[in-house]
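Please open the model in your viewer and keep the selection tool at hand.

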Amino acid sequence: MNNEILVFAEQQGGKITRPTWEAIAAGQKIAEEIGGSVTVALLGNNLSTPASELAVVEAEGVLAVESPSLAEYTPDGYALALAEAIRSRQPHYAVFSHTYQVRDFAPKLAAALGVGFISDCLSYRKQDGRLVFVRQVFQGKFNADVEFTGEPPHLVSFQAGSFREDAVKRGVAAAPVTTVTAAVAAEQVRARPGERFREAKQAVDLTQAEIIVAVGRGIKAPENVDLARKLAEALGGEIGASRPICDGGWLPMDRQIGSSGQTVAPKLYVALGISGAIQHQVGMKGSRNVLAVNKDREAPIFEVATYGVVGDLFEIVPPLIEEIQKAKAG
Amino acid sequence: MKIVACLKQVPARDSLLRLNPAGTWIQESDISFEVNEPDIFALEEALRLKEAQGGEVVVCSLGPARAQQAIKEALAKGADRALHLDDPAFAGLDAFGTARVMARALEAEKPDLVVTGLQSEDFGFAQTGVIMAELMGLPHSTIIMQIEVQGGSIKVKRELEAGWFQWIEMPLPALLTIQSGINKPRYATLKGIMSAKTKPIRKVGLADLGLTAGDLAPQQKITRVYVPEKRSKTEFFEGSGKEIAAKLVDKLKNEARVL
Ligand SMILES: Cc1cc2nc3c(=O)[nH]c(=O)nc-3n(C[C@H](O)[C@H](O)[C@H](O)COP(=O)(O)OP(=O)(O)OC[C@H]3O[C@@H](n4cnc5c(N)ncnc54)[C@H](O)[C@@H]3O)c2cc1C
Ligand SMILES: Nc1ncnc2c1ncn2[C@@H]1O[C@H](COP(=O)(O)O)[C@@H](O)[C@H]1O
């Protein structure tokens with residue numbers, strides 16, 4: 001066992017993705033904490049360009065794991081290749097960003113290695129010489145302290161925004177790149193992935209909106225969405241929604257805000273009856289001002305709210321529309 | 001097609017959750033439970049595939065006696081039979097332990113397709129289905145928004161970040177984790193509820209599976225659960241609706257400058 005922190009770098013078409021830098025920042029901090037060193041692992045085929053993009057960070061090295069079977073992401077290919085690297089290097093921690101790709105293969109990797117994977121962490125702290133990881137449970141209503149019980153290697157992933165991209169330390173010299181060939185045979189990869197695509201009918205671009213009134217499940221029924229629409233009109237803004245509202249067809253999909261929808265940063269974001277799950281927050285927490293109306297004082301949305309009203313949106317919104325109309329008229 | 005749908009019971013969304021005195025989990029005694037939301041969509045997908053392809057839907061739920069409620073709901077909606085994995089040794093398992101038990105229980109079933117939800121609303125591991133796939137030797141895909149069966153293989157639409165998708169083909173048998181919103185789940189009919197009464201529910205314990213408690217040793221342990229420390233500087237407004245509205249308008253106009 002050594003004190004290596006292996007950070008998984010994600011690339012998309014030869015470009016390093018943004019969450020990768022957050023994972024590197026996390027890995028560097030943990031390395032400092034336990035007196036270890038960081039190695040960044042990158043998987044794919046023909047990796048020289050993305051590998052050199054990574055080499056600017058302060059790290060022991062960049063490990064480029066190549067194989068024609070890794071040309072496109074598949075959970076089989078990635079889990080096999082990374083399992084091989086982890087078996088031979090025996091890092092203390094393997095650190096990931098909790099992206100959709102990592103969700104897709106990291107649990108498989110952990111199971112193949114027979115080791116633990118603490119997923120979707122917010123932070124960690126050192127306690128009696130051990131690292132204790134903090135993650136959300138019950139959709140953010142509570143936090144939990146979680147510890148590994150088994151032996152290392154330990155796998156851990158961090159939620160988007162837990163570490164800052166700009167906290168990544170750059171090296172004085174380029175980190176050395178080591179290229180290895182993964183023993184992944186084409187027939188070990190069972191899935192055949194197709195091209196990435198977007199649904200064509202993206203009619204509204206909420207990213208440019210200055211004011212957004214977003215509704216969540218607290219709106220109760222499709223006919224009540226009109227109330228939010230009236231508020232949006234009074235404010236001169238656009239209407240948006242949490243995922244369940246779009247899933248239910250109460251508003252079209254292109255109104256969805258969050259990790260699987262749009263990421264917005266208006267001057268004012270009004271959240272009506274939205275609990276503020278992390279997948280929603282990542283899409284709106286860049287807003288300059290957030291007004292949240294929720295009947296639950298403990299709802300996570302208040303963590304990112306500038307202005308908060310604990311109460312029934314059906315009692316708050318009608319007088320609010322009236323007052324706004326008055327203010328605008330006067 | 002034989003399809004297994006994994007359903008977990010979780011605290012009902014609107015229940016007021018309280019921590020247990022030790023601060024290690026919530027107090028489960030005074031709350032109601034419901035089926036984990038994405039699992040409802042997974043079950044619906046299983047039922048539709050059965051209706052289109054013929055075959056059987058088997059429900060698999062690991063949990064204490066109360067999980068029977070979730071199982072009965074699924075049988076009432078049209079599932080054919082159920083495995084109820086219930087043993088004191090199954091209490092408080094992590095994702096690995098849960099997956100190990102379910103994978104072992106499904107070995108003899110030899111399903112063509114296993115569907116789970118993409119994430120539980122209590123633990124939120126987002127791991128159990130994927131670990132099961134590895135333990136069962138099945139190809140898998142996650143966050144699925146559409147399924148098309150094509151003979152011995154399936155084509156699935158996987159959700160990626162920020163509104164992107166990707167079609168993926170894989171051979172059957174396979175395991176999929178289902179995203180909420182993939183379909184419009186049905187409600188149980190009265191007839192369904194009546195016919196569910198005679199559908200078989202098999203209780204399965206640790207010994208039935210040839211496992212020991214040691215096989216389920218956790219890889220991770222929750223040591224403390226607590227209300228997150230508030231770091232925000234939210235300014236809260238109180239009073240009547242009208243008073244609140246007036247104060248908010250003042251803020252929006254003079255501080256946020258959006259009016
Ligand atoms: C992989 C993945 C991707 C996801 N992507 C997204 C995404 O892009 N966008 C997204 O939004 N979600 C996404 N989700 C879902 C997310 O986890 C939450 O389930 C969802 O955001 C919850 O929506 P909600 O806040 O409307 O509903 P709930 O969580 O049910 O919250 C409803 C809120 O309304 C409040 N309320 C009820 N009645 C009233 C009332 N009368 N007045 C005031 N308040 C009231 C309640 O207190 C509660 O806080 C994703 C999940 C996963 C796993
Ligand atoms: N105790 C359980 N019984 C049945 N299915 C479960 C159980 N725990 C998890 N699952 C399934 O695994 C999915 C993911 O759970 P998790 O890994 O806890 O986020 C859930 O949506 C369920 O479909």
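A residue counts as near a molecule, and so as surrounding it, if one of its heavy atoms lies within 4 Å of it. This is a predicted model, in which local features need pLDDT of at least 70 and side-chain atom pairs count only at pLDDT 80 or more, while totals for chains, interfaces and linings use all residues. Residues are numbered from 1 along each chain as its sequence is written, chains are lettered from A and ligands numbered from 1 in the order in which they are written, and side-chain values use heavy atoms, with hydrogens and water left out.

**First stop: ligand 2**

Select ligand 2 and display its surroundings, which comprise 19 residues, the closest being Asp39(B), Leu62(B), Ser120(B), Ala126(B) and Thr128(B). For the polar contacts (pairs of N or O atoms within 3.5 Å; within protein, one must be able to donate a hydrogen and the other to accept it, and residues adjacent in sequence count only if both atoms are side-chain atoms), begin at Asp39(B), where a side-chain N or O atom is 2.5 Å from an oxygen atom of ligand 2. An N or O atom in the side chain of Ser120(B) is 2.7 Å from an oxygen atom of the ligand, and at Gly117(B) it is a polar backbone atom that is 2.8 Å from a ligand oxygen. The protein covers 98% of the 480 Å² of accessible area that ligand 2 has on its own, where accessible areas come from the Shrake-Rupley method with a 1.4 Å probe and, for residues, only the protein chains shown count as cover. Now color strand S4 (56–62), helix H3 (95–107) and strand S6 (113–117) of chain B, the elements that give two or more residues to this shell; S4(B) gives the most, with three residues. Helices (H or I, at least four residues) and strands (E, at least two) are DSSP runs, numbered from the N terminus.

**Second stop: ligand 1**

Next, select ligand 1, which lies between chains A and B and is surrounded by 32 residues, the closest being Arg217(A), Lys220(A), Ser242(A), Ser275(A) and Asn294(A). A polar side-chain atom of Ser260(A) lies 2.8 Å from a nitrogen atom of the ligand, whereas the side chain of His280(A) has an N or O atom 2.8 Å from a ligand oxygen. The protein covers 91% of the 1000 Å² of accessible area that ligand 1 has on its own.

Ile244(B), Ala245(B), Leu248(B), Val249(B), Lys251(B) and Leu252(B) are buried, meaning under 20% relative accessible area, with exposed over 50% and partly exposed in between (1.4 Å probe, protein chains only). They cover an arc of only 165 degrees around the axis, which puts them on the same side of H6(B); the arc is that of the directions from the helix axis to the C-beta atoms.

**Last stop: helix H3 of chain A**

Finally, select residues 75–89 of chain A, where helix H3 reaches 21 Å from its first C-alpha to its last. Its buried residues include Tyr78(A), Leu82(A) and Ile86(A), and the helix is followed by Gln90(A), whose phi is positive, near 50 degrees.

Notes. The expected span of a helix is 1.5 Å times one less than its number of residues.
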